[in-house]
Amino acid sequence: MDEKERLFNSGILTGERKGAVKPPQELWETKKNGLVVIECPQRIPCNPCHTSCPTGAVVPFKDINDQPQIEYEKCTGCARCVAVCPGLACFVIDLTWGEDDKALIKLAYEMLPVPEEGQVVDCLNRFGEAVAKGKVVKITEPMKDKTLVVHVEIPKDLVMDIRAIKVV
Amino acid sequence: MRETEVLVVGGGPAGLSAAIEAASFGAKVTLVDSDLALGGQLIKQTHKFFGSKNERAGTRGFKIAEELFRELKDKEENIETFTNCTVTGYYKEDGVVSCVKGEDEYFHIKPKKIVMATGAQERIIPFPNNHLPGVYGAGAIQTLMNVYGVVPGDRVLMVGAGNIGLIVSYQLLQAGVQVVGIVEAMDKVGGYWVHAAKVRRLGVPIYLRHTVKEAIGERFVEGAVIQEIDEKFQPTGNEMKVDVDIICLAVGLTPTCELLWQAGCKMAFVPQLCGYVAQRDKNMRTSHPDIWVAGDAAGIEEASSAMVEGRIAGVGVAKALGYGTQEEIEKRLKEYHGRLADLRGGEVGAKIREGIALCSVECWEV
(Lines give C-alpha, C1' and ligand atoms only; values in the text may rest on other atoms or scores of the structure.)
Protein backbone atom coordinates (compact mmCIF):
# COMPACT_ATOMS: atom_id res chain seq x y z
CA MET A 1 0.00 0.00 0.00
CA ASP A 2 1.47 3.37 -0.93
CA GLU A 3 1.54 6.42 1.29
CA LYS A 4 -1.37 8.07 -0.52
CA GLU A 5 -3.62 5.08 0.02
CA ARG A 6 -2.57 4.82 3.65
CA LEU A 7 -3.43 8.46 4.19
CA PHE A 8 -6.78 8.02 2.50
CA ASN A 9 -7.49 5.00 4.70
CA SER A 10 -7.01 7.21 7.75
CA GLY A 11 -9.46 9.86 6.60
CA ILE A 12 -7.36 12.22 4.46
CA LEU A 13 -8.62 12.91 0.95
CA THR A 14 -5.77 12.49 -1.52
CA GLY A 15 -6.84 13.66 -4.95
CA GLU A 16 -10.24 13.33 -6.57
CA ARG A 17 -12.31 10.20 -6.16
CA LYS A 18 -15.82 9.14 -6.94
CA GLY A 19 -18.05 11.12 -4.59
CA ALA A 20 -15.30 13.69 -4.00
CA VAL A 21 -14.78 15.77 -7.11
CA LYS A 22 -14.17 19.44 -7.80
CA PRO A 23 -16.82 21.50 -9.58
CA PRO A 24 -16.07 22.40 -13.21
CA GLN A 25 -13.57 25.24 -12.98
CA GLU A 26 -15.12 27.57 -15.54
CA LEU A 27 -18.57 27.61 -13.95
CA TRP A 28 -17.04 27.71 -10.48
CA GLU A 29 -15.01 30.85 -11.27
CA THR A 30 -18.14 32.78 -12.21
CA LYS A 31 -20.84 31.38 -9.96
CA LYS A 32 -21.90 33.98 -7.42
CA ASN A 33 -22.61 32.56 -3.97
CA GLY A 34 -20.44 29.53 -4.74
CA LEU A 35 -20.81 25.86 -5.57
CA VAL A 36 -20.98 22.82 -3.38
CA VAL A 37 -17.91 20.65 -2.87
CA ILE A 38 -18.89 17.28 -1.41
CA GLU A 39 -16.23 14.93 -0.09
CA CYS A 40 -18.04 11.62 0.33
CA PRO A 41 -15.71 9.01 -1.22
CA GLN A 42 -17.30 5.93 0.37
CA ARG A 43 -20.62 4.29 -0.39
CA ILE A 44 -22.65 4.55 2.82
CA PRO A 45 -26.42 4.44 3.38
CA CYS A 46 -27.13 8.15 3.59
CA ASN A 47 -28.90 10.73 1.44
CA PRO A 48 -29.82 13.95 3.32
CA CYS A 49 -27.67 16.04 0.91
CA HIS A 50 -30.14 15.09 -1.77
CA THR A 51 -33.34 15.27 0.28
CA SER A 52 -32.40 18.68 1.72
CA CYS A 53 -31.41 20.23 -1.60
CA PRO A 54 -34.06 22.80 -2.56
CA THR A 55 -33.04 23.02 -6.23
CA GLY A 56 -32.37 19.38 -7.09
CA ALA A 57 -28.68 20.07 -7.65
CA VAL A 58 -27.80 16.95 -5.68
CA VAL A 59 -29.51 14.52 -8.02
CA PRO A 60 -31.85 11.78 -6.74
CA PHE A 61 -30.21 8.60 -5.48
CA LYS A 62 -31.07 5.33 -7.19
CA ASP A 63 -29.78 3.49 -4.15
CA ILE A 64 -29.39 5.15 -0.78
CA ASN A 65 -25.79 3.93 -0.77
CA ASP A 66 -24.99 5.93 -3.89
CA GLN A 67 -22.54 8.76 -3.62
CA PRO A 68 -23.85 12.25 -4.29
CA GLN A 69 -23.80 13.47 -7.88
CA ILE A 70 -24.19 17.13 -8.57
CA GLU A 71 -25.71 19.15 -11.39
CA TYR A 72 -23.64 22.23 -10.74
CA GLU A 73 -25.76 24.56 -12.87
CA LYS A 74 -28.58 24.09 -10.35
CA CYS A 75 -26.47 24.67 -7.23
CA THR A 76 -27.15 28.07 -5.66
CA GLY A 77 -24.61 27.71 -2.87
CA CYS A 78 -27.40 27.89 -0.27
CA ALA A 79 -25.46 25.54 2.06
CA ARG A 80 -28.46 23.60 3.36
CA CYS A 81 -26.53 20.38 2.64
CA VAL A 82 -23.60 21.83 4.60
CA ALA A 83 -25.86 22.14 7.62
CA VAL A 84 -27.58 18.78 7.20
CA CYS A 85 -24.81 16.32 6.23
CA PRO A 86 -24.17 14.02 9.22
CA GLY A 87 -20.63 13.45 7.96
CA LEU A 88 -19.86 17.18 7.70
CA ALA A 89 -18.71 16.35 4.19
CA CYS A 90 -20.35 19.26 2.33
CA PHE A 91 -18.72 22.63 1.79
CA VAL A 92 -19.69 25.57 -0.36
CA ILE A 93 -16.85 27.47 -1.94
CA ASP A 94 -17.39 30.84 -3.61
CA LEU A 95 -14.52 31.80 -5.90
CA THR A 96 -16.17 35.10 -6.87
CA TRP A 97 -15.93 36.41 -3.33
CA GLY A 98 -13.91 39.51 -2.45
CA GLU A 99 -10.61 40.42 -3.94
CA ASP A 100 -8.89 38.34 -6.62
CA ASP A 101 -6.79 36.32 -4.21
CA LYS A 102 -9.68 35.59 -1.84
CA ALA A 103 -12.51 33.10 -1.74
CA LEU A 104 -15.32 32.29 0.68
CA ILE A 105 -15.86 28.88 2.25
CA LYS A 106 -19.09 27.93 4.01
CA LEU A 107 -18.42 25.09 6.41
CA ALA A 108 -20.20 23.30 9.24
CA TYR A 109 -19.03 24.13 12.74
CA GLU A 110 -20.08 22.23 15.87
CA MET A 111 -17.35 23.24 18.32
CA LEU A 112 -16.96 25.78 21.09
CA PRO A 113 -16.27 28.62 21.31
CA VAL A 114 -18.49 30.04 18.61
CA PRO A 115 -16.62 32.73 16.65
CA GLU A 116 -18.05 36.20 16.12
CA GLU A 117 -18.64 37.78 12.76
CA GLY A 118 -15.52 39.71 11.81
CA GLN A 119 -13.26 37.56 13.98
CA VAL A 120 -10.03 36.19 12.54
CA VAL A 121 -9.69 32.42 13.01
CA ASP A 122 -7.14 29.75 12.17
CA CYS A 123 -7.95 27.84 8.99
CA LEU A 124 -7.06 24.17 9.21
CA ASN A 125 -6.22 21.77 6.42
CA ARG A 126 -7.27 18.13 6.24
CA PHE A 127 -4.60 17.22 8.81
CA GLY A 128 -5.75 19.92 11.21
CA GLU A 129 -2.69 22.09 10.57
CA ALA A 130 -3.25 25.83 10.68
CA VAL A 131 -2.33 26.94 7.16
CA ALA A 132 -3.83 30.43 7.03
CA LYS A 133 -5.81 33.05 8.89
CA GLY A 134 -9.37 33.66 7.77
CA LYS A 135 -11.99 36.25 8.58
CA VAL A 136 -15.44 35.07 9.67
CA VAL A 137 -17.93 36.88 7.48
CA LYS A 138 -21.21 35.41 8.57
CA ILE A 139 -22.62 32.71 10.84
CA THR A 140 -25.98 31.01 10.30
CA GLU A 141 -27.84 28.09 11.85
CA PRO A 142 -29.99 26.91 8.92
CA MET A 143 -31.64 23.92 10.58
CA LYS A 144 -31.79 25.43 14.09
CA ASP A 145 -30.09 22.30 15.35
CA LYS A 146 -26.82 23.68 16.71
CA THR A 147 -24.86 22.94 13.57
CA LEU A 148 -23.58 26.34 12.52
CA VAL A 149 -22.62 27.24 8.99
CA VAL A 150 -19.67 29.60 9.20
CA HIS A 151 -18.72 31.70 6.19
CA VAL A 152 -14.99 32.37 6.20
CA GLU A 153 -12.89 34.45 3.84
CA ILE A 154 -9.81 32.43 2.92
CA PRO A 155 -6.89 32.65 0.47
CA LYS A 156 -8.10 31.50 -2.95
CA ASP A 157 -5.11 29.23 -3.52
CA LEU A 158 -6.08 27.16 -0.45
CA VAL A 159 -9.70 26.40 -1.30
CA MET A 160 -8.93 22.71 -1.77
CA ASP A 161 -6.87 22.55 1.42
CA ILE A 162 -8.85 24.40 4.09
CA ARG A 163 -11.60 22.26 5.58
CA ALA A 164 -12.03 23.47 9.18
CA ILE A 165 -11.51 26.44 11.43
CA LYS A 166 -10.23 26.86 14.92
CA VAL A 167 -11.22 29.79 17.07
CA VAL A 168 -8.06 31.08 18.73
CA MET B 1 -48.47 -12.61 39.18
CA ARG B 2 -48.47 -9.87 36.59
CA GLU B 3 -49.53 -10.78 33.10
CA THR B 4 -48.99 -9.02 29.81
CA GLU B 5 -49.47 -9.74 26.15
CA VAL B 6 -46.06 -8.52 25.06
CA LEU B 7 -42.98 -8.12 27.21
CA VAL B 8 -40.26 -6.03 25.60
CA VAL B 9 -36.92 -6.44 27.34
CA GLY B 10 -34.81 -3.36 26.75
CA GLY B 11 -35.87 0.22 26.09
CA GLY B 12 -33.23 1.23 23.56
CA PRO B 13 -33.94 2.02 19.91
CA ALA B 14 -35.02 -1.54 19.06
CA GLY B 15 -37.13 -2.11 22.19
CA LEU B 16 -38.87 1.26 22.01
CA SER B 17 -39.69 0.68 18.36
CA ALA B 18 -40.99 -2.82 19.04
CA ALA B 19 -43.17 -1.62 21.92
CA ILE B 20 -44.61 1.28 19.93
CA GLU B 21 -45.28 -0.90 16.91
CA ALA B 22 -46.97 -3.73 18.85
CA ALA B 23 -49.05 -1.20 20.82
CA SER B 24 -50.11 0.52 17.61
CA PHE B 25 -52.00 -2.67 16.72
CA GLY B 26 -53.72 -2.64 20.13
CA ALA B 27 -51.47 -5.14 21.91
CA LYS B 28 -50.92 -4.61 25.65
CA VAL B 29 -47.20 -4.11 26.11
CA THR B 30 -44.90 -4.08 29.12
CA LEU B 31 -41.56 -2.41 28.47
CA VAL B 32 -38.74 -3.08 30.90
CA ASP B 33 -35.34 -1.38 31.00
CA SER B 34 -32.51 -1.81 33.48
CA ASP B 35 -31.35 1.79 33.19
CA LEU B 36 -32.79 4.77 35.07
CA ALA B 37 -34.14 6.23 31.85
CA LEU B 38 -35.34 4.80 28.56
CA GLY B 39 -33.52 5.34 25.29
CA GLY B 40 -30.54 3.01 25.58
CA GLN B 41 -27.51 4.35 23.78
CA LEU B 42 -29.60 6.83 21.78
CA ILE B 43 -29.67 9.35 24.60
CA LYS B 44 -25.87 9.62 24.45
CA GLN B 45 -25.69 10.16 20.72
CA THR B 46 -25.16 13.85 20.11
CA HIS B 47 -24.12 13.33 16.50
CA LYS B 48 -26.45 13.30 13.52
CA PHE B 49 -27.59 9.99 12.17
CA PHE B 50 -27.04 8.67 8.68
CA GLY B 51 -29.61 6.93 6.55
CA SER B 52 -32.71 8.26 4.87
CA LYS B 53 -35.51 10.53 5.97
CA ASN B 54 -37.48 7.50 7.19
CA GLU B 55 -34.57 6.74 9.48
CA ARG B 56 -34.47 10.40 10.56
CA ALA B 57 -31.14 11.01 8.86
CA GLY B 58 -29.56 14.30 9.79
CA THR B 59 -31.20 14.19 13.24
CA ARG B 60 -29.11 13.79 16.36
CA GLY B 61 -29.51 10.50 18.22
CA PHE B 62 -30.89 11.97 21.43
CA LYS B 63 -33.48 13.88 19.40
CA ILE B 64 -34.54 10.60 17.81
CA ALA B 65 -34.96 9.21 21.34
CA GLU B 66 -37.21 12.18 22.17
CA GLU B 67 -39.33 11.44 19.09
CA LEU B 68 -39.67 7.81 20.16
CA PHE B 69 -40.63 8.92 23.69
CA ARG B 70 -43.41 11.05 22.18
CA GLU B 71 -44.66 8.07 20.18
CA LEU B 72 -44.52 5.98 23.34
CA LYS B 73 -46.55 8.58 25.22
CA ASP B 74 -49.17 8.64 22.47
CA LYS B 75 -49.70 4.94 23.10
CA GLU B 76 -49.41 5.02 26.87
CA GLU B 77 -52.77 3.35 27.44
CA ASN B 78 -51.29 0.25 25.83
CA ILE B 79 -47.74 0.42 27.17
CA GLU B 80 -46.68 0.03 30.78
CA THR B 81 -43.06 0.98 31.38
CA PHE B 82 -40.65 -0.09 34.10
CA THR B 83 -37.25 1.58 34.32
CA ASN B 84 -34.45 0.71 36.75
CA CYS B 85 -35.82 -2.79 36.32
CA THR B 86 -33.63 -5.73 35.34
CA VAL B 87 -34.95 -8.96 33.88
CA THR B 88 -33.03 -11.59 35.81
CA GLY B 89 -34.33 -14.80 34.35
CA TYR B 90 -36.60 -16.64 31.97
CA TYR B 91 -38.14 -19.87 33.23
CA LYS B 92 -38.62 -22.30 30.38
CA GLU B 93 -41.01 -24.53 32.31
CA ASP B 94 -43.84 -22.01 32.48
CA GLY B 95 -42.61 -19.01 30.46
CA VAL B 96 -42.39 -16.80 33.55
CA VAL B 97 -39.93 -13.92 33.62
CA SER B 98 -38.40 -12.62 36.84
CA CYS B 99 -37.58 -8.95 37.31
CA VAL B 100 -35.90 -6.81 39.96
CA LYS B 101 -36.96 -3.18 40.17
CA GLY B 102 -34.48 -0.99 42.02
CA GLU B 103 -32.68 -2.72 44.86
CA ASP B 104 -35.35 -4.88 46.38
CA GLU B 105 -38.65 -5.09 44.52
CA TYR B 106 -38.77 -8.55 42.97
CA PHE B 107 -41.66 -9.66 40.80
CA HIS B 108 -42.71 -12.18 38.23
CA ILE B 109 -44.44 -11.48 34.98
CA LYS B 110 -46.00 -13.88 32.55
CA PRO B 111 -46.03 -12.58 28.99
CA LYS B 112 -47.69 -14.22 26.04
CA LYS B 113 -44.90 -13.01 23.74
CA ILE B 114 -41.47 -11.53 24.36
CA VAL B 115 -39.24 -9.25 22.31
CA MET B 116 -35.65 -9.48 23.48
CA ALA B 117 -34.04 -6.14 22.70
CA THR B 118 -31.27 -6.40 25.25
CA GLY B 119 -28.63 -4.61 23.23
CA ALA B 120 -24.93 -5.19 23.49
CA GLN B 121 -21.91 -5.22 25.76
CA GLU B 122 -18.59 -3.56 25.12
CA ARG B 123 -15.53 -5.62 24.46
CA ILE B 124 -12.34 -5.04 26.38
CA ILE B 125 -8.84 -5.93 25.20
CA PRO B 126 -6.11 -7.19 27.50
CA PHE B 127 -2.96 -5.13 28.05
CA PRO B 128 -0.79 -4.52 31.11
CA ASN B 129 -2.37 -2.10 33.59
CA ASN B 130 -5.76 -2.06 31.89
CA HIS B 131 -7.26 -2.23 35.38
CA LEU B 132 -6.11 1.31 36.20
CA PRO B 133 -8.69 4.05 36.71
CA GLY B 134 -8.62 6.06 33.51
CA VAL B 135 -9.16 3.06 31.25
CA TYR B 136 -12.74 3.39 30.04
CA GLY B 137 -15.08 1.82 27.56
CA ALA B 138 -16.36 4.29 24.99
CA GLY B 139 -19.90 3.85 26.33
CA ALA B 140 -18.84 5.02 29.78
CA ILE B 141 -17.13 8.09 28.31
CA GLN B 142 -20.32 8.93 26.43
CA THR B 143 -22.42 8.42 29.55
CA LEU B 144 -20.18 10.69 31.62
CA MET B 145 -20.02 13.44 29.02
CA ASN B 146 -23.34 13.35 27.28
CA VAL B 147 -25.69 12.15 30.00
CA TYR B 148 -24.10 13.56 33.16
CA GLY B 149 -22.09 16.45 31.72
CA VAL B 150 -18.84 15.28 33.30
CA VAL B 151 -15.56 15.72 31.44
CA PRO B 152 -13.72 12.41 31.80
CA GLY B 153 -10.17 13.75 31.64
CA ASP B 154 -7.81 16.05 29.79
CA ARG B 155 -5.96 13.95 27.23
CA VAL B 156 -7.33 10.82 25.61
CA LEU B 157 -5.89 7.92 23.66
CA MET B 158 -8.69 6.32 21.64
CA VAL B 159 -8.29 2.63 20.86
CA GLY B 160 -10.26 1.65 17.76
CA ALA B 161 -11.31 3.62 14.68
CA GLY B 162 -14.72 2.08 14.13
CA ASN B 163 -17.71 4.41 14.11
CA ILE B 164 -17.88 4.48 17.90
CA GLY B 165 -14.19 5.35 18.33
CA LEU B 166 -14.40 8.06 15.67
CA ILE B 167 -17.66 9.55 16.92
CA VAL B 168 -16.65 9.53 20.58
CA SER B 169 -13.36 11.20 19.59
CA TYR B 170 -15.36 13.95 17.90
CA GLN B 171 -17.61 14.30 20.96
CA LEU B 172 -14.53 14.55 23.21
CA LEU B 173 -13.21 17.38 21.03
CA GLN B 174 -16.58 19.08 21.32
CA ALA B 175 -16.30 18.84 25.10
CA GLY B 176 -12.90 20.53 24.92
CA VAL B 177 -10.94 17.36 25.67
CA GLN B 178 -7.75 16.73 23.72
CA VAL B 179 -7.61 13.50 21.72
CA VAL B 180 -3.90 12.79 21.25
CA GLY B 181 -4.50 10.00 18.80
CA ILE B 182 -6.58 7.08 17.64
CA VAL B 183 -4.93 3.69 17.19
CA GLU B 184 -6.43 1.15 14.81
CA ALA B 185 -5.15 -2.38 14.34
CA MET B 186 -6.38 -2.67 10.76
CA ASP B 187 -4.88 -0.87 7.76
CA LYS B 188 -7.93 1.35 7.33
CA VAL B 189 -10.52 2.92 9.58
CA GLY B 190 -13.45 0.62 10.28
CA GLY B 191 -16.00 3.41 10.65
CA TYR B 192 -17.36 5.70 7.98
CA TRP B 193 -14.61 7.55 6.15
CA VAL B 194 -16.38 10.88 6.67
CA HIS B 195 -16.24 10.41 10.46
CA ALA B 196 -12.49 9.88 10.20
CA ALA B 197 -12.10 13.00 8.03
CA LYS B 198 -14.04 15.01 10.64
CA VAL B 199 -11.56 14.27 13.43
CA ARG B 200 -8.50 14.37 11.17
CA ARG B 201 -9.20 17.93 10.09
CA LEU B 202 -9.37 18.92 13.75
CA GLY B 203 -5.83 17.64 14.19
CA VAL B 204 -6.35 14.16 15.61
CA PRO B 205 -3.83 11.66 14.19
CA ILE B 206 -5.09 8.19 13.29
CA TYR B 207 -2.37 5.56 13.61
CA LEU B 208 -3.29 2.61 11.40
CA ARG B 209 -1.71 -0.76 12.19
CA HIS B 210 -1.14 0.36 15.76
CA THR B 211 -2.44 -0.82 19.09
CA VAL B 212 -2.07 0.00 22.76
CA LYS B 213 0.82 -1.93 24.33
CA GLU B 214 0.38 -0.89 27.93
CA ALA B 215 -1.00 1.70 30.26
CA ILE B 216 1.50 3.55 32.42
CA GLY B 217 0.77 4.58 36.00
CA GLU B 218 0.74 3.42 39.60
CA ARG B 219 -2.68 4.40 40.89
CA PHE B 220 -4.27 5.78 37.74
CA VAL B 221 -3.44 6.23 34.07
CA GLU B 222 -0.52 8.59 33.57
CA GLY B 223 0.34 7.63 30.01
CA ALA B 224 0.31 4.84 27.48
CA VAL B 225 2.64 3.09 25.10
CA ILE B 226 1.34 2.44 21.62
CA GLN B 227 3.05 0.12 19.20
CA GLU B 228 3.03 -0.60 15.51
CA ILE B 229 1.88 -4.05 14.40
CA ASP B 230 2.22 -5.90 11.12
CA GLU B 231 -0.50 -7.53 9.05
CA LYS B 232 -0.35 -10.57 11.33
CA PHE B 233 -0.92 -8.25 14.29
CA GLN B 234 2.60 -8.90 15.60
CA PRO B 235 4.61 -5.99 17.07
CA THR B 236 7.16 -4.54 14.68
CA GLY B 237 9.19 -3.04 17.50
CA ASN B 238 8.21 0.56 16.78
CA GLU B 239 6.78 2.08 19.92
CA MET B 240 5.78 5.50 21.13
CA LYS B 241 4.87 6.84 24.55
CA VAL B 242 1.85 9.12 24.68
CA ASP B 243 1.01 11.51 27.49
CA VAL B 244 -2.62 10.76 28.36
CA ASP B 245 -4.81 10.43 31.43
CA ILE B 246 -7.57 8.50 29.66
CA ILE B 247 -7.41 5.38 27.52
CA CYS B 248 -10.75 4.88 25.82
CA LEU B 249 -11.52 1.44 24.41
CA ALA B 250 -13.75 1.37 21.37
CA VAL B 251 -12.88 -2.12 20.23
CA GLY B 252 -16.29 -3.45 19.44
CA LEU B 253 -19.46 -4.77 20.98
CA THR B 254 -20.95 -8.19 21.43
CA PRO B 255 -24.67 -9.05 21.58
CA THR B 256 -26.25 -9.45 25.03
CA CYS B 257 -27.99 -12.78 24.74
CA GLU B 258 -28.11 -14.50 28.16
CA LEU B 259 -31.91 -14.52 28.24
CA LEU B 260 -32.05 -16.06 24.78
CA TRP B 261 -29.75 -18.83 25.96
CA GLN B 262 -31.91 -19.34 29.05
CA ALA B 263 -34.99 -19.62 26.89
CA GLY B 264 -33.32 -22.33 24.84
CA CYS B 265 -33.41 -20.39 21.59
CA LYS B 266 -31.24 -21.91 18.90
CA MET B 267 -28.06 -19.85 18.82
CA ALA B 268 -25.33 -19.44 16.24
CA PHE B 269 -21.87 -17.96 16.51
CA VAL B 270 -21.68 -15.38 13.74
CA PRO B 271 -18.44 -13.36 13.64
CA GLN B 272 -19.97 -10.83 11.23
CA LEU B 273 -22.61 -10.04 13.86
CA CYS B 274 -19.94 -9.98 16.59
CA GLY B 275 -20.84 -13.03 18.68
CA TYR B 276 -23.58 -15.49 19.50
CA VAL B 277 -26.97 -14.52 18.13
CA ALA B 278 -30.35 -16.21 18.02
CA GLN B 279 -31.34 -17.83 14.77
CA ARG B 280 -34.36 -16.01 13.46
CA ASP B 281 -36.86 -15.93 10.66
CA LYS B 282 -37.40 -12.92 8.44
CA ASN B 283 -39.68 -11.28 10.98
CA MET B 284 -37.22 -11.74 13.85
CA ARG B 285 -38.91 -14.72 15.51
CA THR B 286 -36.45 -17.05 17.21
CA SER B 287 -36.72 -20.85 17.38
CA HIS B 288 -38.84 -20.32 20.51
CA PRO B 289 -42.33 -19.65 19.15
CA ASP B 290 -43.05 -16.93 21.74
CA ILE B 291 -39.75 -15.06 21.54
CA TRP B 292 -38.58 -12.43 19.05
CA VAL B 293 -35.26 -10.63 18.96
CA ALA B 294 -34.32 -7.17 17.67
CA GLY B 295 -31.48 -4.68 17.60
CA ASP B 296 -27.91 -5.26 18.72
CA ALA B 297 -29.03 -8.38 20.63
CA ALA B 298 -29.68 -9.87 17.19
CA GLY B 299 -26.29 -8.78 15.83
CA ILE B 300 -24.22 -5.62 16.15
CA GLU B 301 -25.37 -3.00 13.69
CA GLU B 302 -26.34 0.65 13.50
CA ALA B 303 -29.16 2.09 15.62
CA SER B 304 -31.08 2.92 12.44
CA SER B 305 -31.30 -0.77 11.59
CA ALA B 306 -32.12 -1.62 15.20
CA MET B 307 -35.15 0.66 15.05
CA VAL B 308 -36.45 -1.00 11.89
CA GLU B 309 -35.83 -4.48 13.31
CA GLY B 310 -37.77 -3.43 16.40
CA ARG B 311 -40.67 -2.36 14.19
CA ILE B 312 -40.59 -5.71 12.40
CA ALA B 313 -40.54 -7.66 15.66
CA GLY B 314 -43.41 -5.47 16.91
CA VAL B 315 -45.49 -6.34 13.88
CA GLY B 316 -44.49 -9.99 14.33
CA VAL B 317 -45.77 -10.25 17.91
CA ALA B 318 -48.93 -8.30 17.10
CA LYS B 319 -49.65 -10.68 14.24
CA ALA B 320 -48.99 -13.74 16.42
CA LEU B 321 -51.45 -12.40 18.97
CA GLY B 322 -54.08 -12.02 16.27
CA TYR B 323 -54.00 -8.23 15.99
CA GLY B 324 -54.18 -6.32 12.74
CA THR B 325 -55.62 -7.19 9.38
CA GLN B 326 -53.54 -9.30 7.05
CA GLU B 327 -53.43 -6.40 4.65
CA GLU B 328 -52.13 -3.90 7.23
CA ILE B 329 -49.55 -6.35 8.52
CA GLU B 330 -48.24 -7.15 5.08
CA LYS B 331 -48.12 -3.49 4.15
CA ARG B 332 -46.04 -2.56 7.16
CA LEU B 333 -43.73 -5.55 6.88
CA LYS B 334 -43.10 -4.78 3.25
CA GLU B 335 -42.20 -1.19 4.07
CA TYR B 336 -39.89 -2.14 6.95
CA HIS B 337 -38.14 -4.89 5.01
CA GLY B 338 -37.54 -2.42 2.20
CA ARG B 339 -36.01 0.10 4.59
CA LEU B 340 -33.80 -2.53 6.16
CA ALA B 341 -32.60 -3.71 2.76
CA ASP B 342 -31.71 -0.10 1.88
CA LEU B 343 -29.75 0.39 5.07
CA ARG B 344 -27.84 -2.83 4.52
CA GLY B 345 -27.49 -2.37 0.80
CA GLY B 346 -24.03 -0.92 0.32
CA GLU B 347 -20.47 -2.09 0.82
CA VAL B 348 -20.56 -1.31 4.52
CA GLY B 349 -23.64 -3.52 4.81
CA ALA B 350 -21.98 -6.49 3.09
CA LYS B 351 -20.67 -7.95 6.34
CA ILE B 352 -24.09 -7.64 7.97
CA ARG B 353 -25.77 -9.33 4.99
CA GLU B 354 -23.30 -12.22 5.18
CA GLY B 355 -23.86 -12.56 8.91
CA ILE B 356 -27.62 -12.52 8.67
CA ALA B 357 -27.52 -15.18 5.98
CA LEU B 358 -25.69 -17.40 8.47
CA CYS B 359 -28.39 -17.23 11.16
CA SER B 360 -31.58 -16.86 9.16
CA VAL B 361 -34.17 -19.55 8.59
CA GLU B 362 -36.89 -19.40 5.98
CA CYS B 363 -39.58 -20.18 8.53
CA TRP B 364 -39.88 -22.16 11.75
CA GLU B 365 -41.87 -25.36 11.70
CA VAL B 366 -45.03 -24.87 13.67
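Lys144(A) lies in the loop that runs between β5 and β6 of chain A, where helices (H or I, at least four residues) and strands (E, at least two) are DSSP runs that are numbered from the N terminus. The structure is a predicted model, in which local features need pLDDT of at least 70, side-chain atom pairs count only at pLDDT 80 or more, and totals for chains, interfaces and linings use all residues. Residues are numbered from 1 along each chain as its sequence is written, while chains are lettered from A and ligands numbered from 1 in the order in which they are written. The predictor assigns the complex an ipTM of 0.97 together with a pTM of 0.95. For chain B the pLDDT, which is the predictor's confidence in each residue on a scale from 0 to 100, averages 96, and 100% of the residues score at least 70.

Lys144(A), a residue other than glycine, has a positive phi, with a value near 50°. The peptide bond that leads from Leu112(A) to Pro113(A) is cis, its omega being near -5°, and Pro113(A) has its place in the loop between β3 (102–109) and β4 (120–124) of chain A.

The strands of chain A include seven that form an open sheet, in the order β1-β2-β3-β6-β5-β4-β7, with antiparallel pairing; two strands count as paired if DSSP finds at least two bridges between them. At the edges of this sheet stand β1 (35–38) and β7 (164–166) of chain A, each with a single partner strand, so that one side of each is left without a neighbour in the sheet. From one strand to the next the twist averages 40°. Within the sheet, strand β5 (residues 130–140) of chain A runs antiparallel to strand β6 (residues 148–155) of chain A, and five bridges join the two. Thr140(A) has Val149(A) in β6(A) as its bridge partner.

In chain B, three strands form an open sheet in the order β12-β13-β14, and here too the pairing is antiparallel. Its edge strands are β12 (210–216) and β14 (235–242) of chain B, each of which pairs on one side only, and the twist from one strand to the next averages 25°. Strand β13 (residues 223–229) of chain B is joined to β14(B) by five bridges, the two running antiparallel, and Gln227(B) has Glu239(B) as its bridge partner in β14(B). Elsewhere in chain B, six bridges join strand β4 (residues 85–91) to strand β5 (residues 96–101), which run antiparallel. These two strands, β4(B) and β5(B), form a hairpin with four residues between them, and Gly95(B) in the turn has a positive phi of about 70°. Gly89(B) stands opposite Ser98(B) in β5(B).

Helix packing was examined for two pairs in chain B. Helix α1 (residues 13–24) and helix α2 (residues 61–74) of chain B pack at an angle of about 30° with their axes 10 Å apart, where axes are lines fitted to C-alpha atoms, for helices over the stretch in contact, and angles run from 0 to 180 degrees between N-to-C directions. This makes α1(B) roughly parallel to α2(B), since angles under 35 degrees count as roughly parallel, those over 145 as roughly antiparallel, 65 to 115 as roughly perpendicular and the rest as oblique. In the contact, Leu16(B), Ser17(B), Ala19(B) and Ile20(B) of α1(B) meet Leu68(B), Glu71(B) and Leu72(B) of α2(B), two residues being in contact if their C-beta atoms, placed from the backbone, lie within 7 Å. The residues of this contact divide into five nonpolar, one polar and one charged; Ala, Val, Leu, Ile, Met, Phe, Trp, Tyr, Cys and Pro count as nonpolar, Asp, Glu, Lys and Arg as charged, and the others, Gly among them, as polar.

The axes of helix α3 (residues 138–147) of chain B and α4(B) come within 10 Å and cross at roughly 30°, and the two helices are therefore roughly parallel to each other. The residues of the contact of α3(B) with α4(B) divide into five nonpolar, four polar and no charged.

Between the chains, the contact takes 36 residues from chain B and 35 residues from chain A. On the side of chain B that touches chain A, the elements that give two or more residues are α4 (163–174), α5 (193–200), β11 (206–208) and α8 (326–343) of chain B, and α5(B) gives the most, with seven residues.
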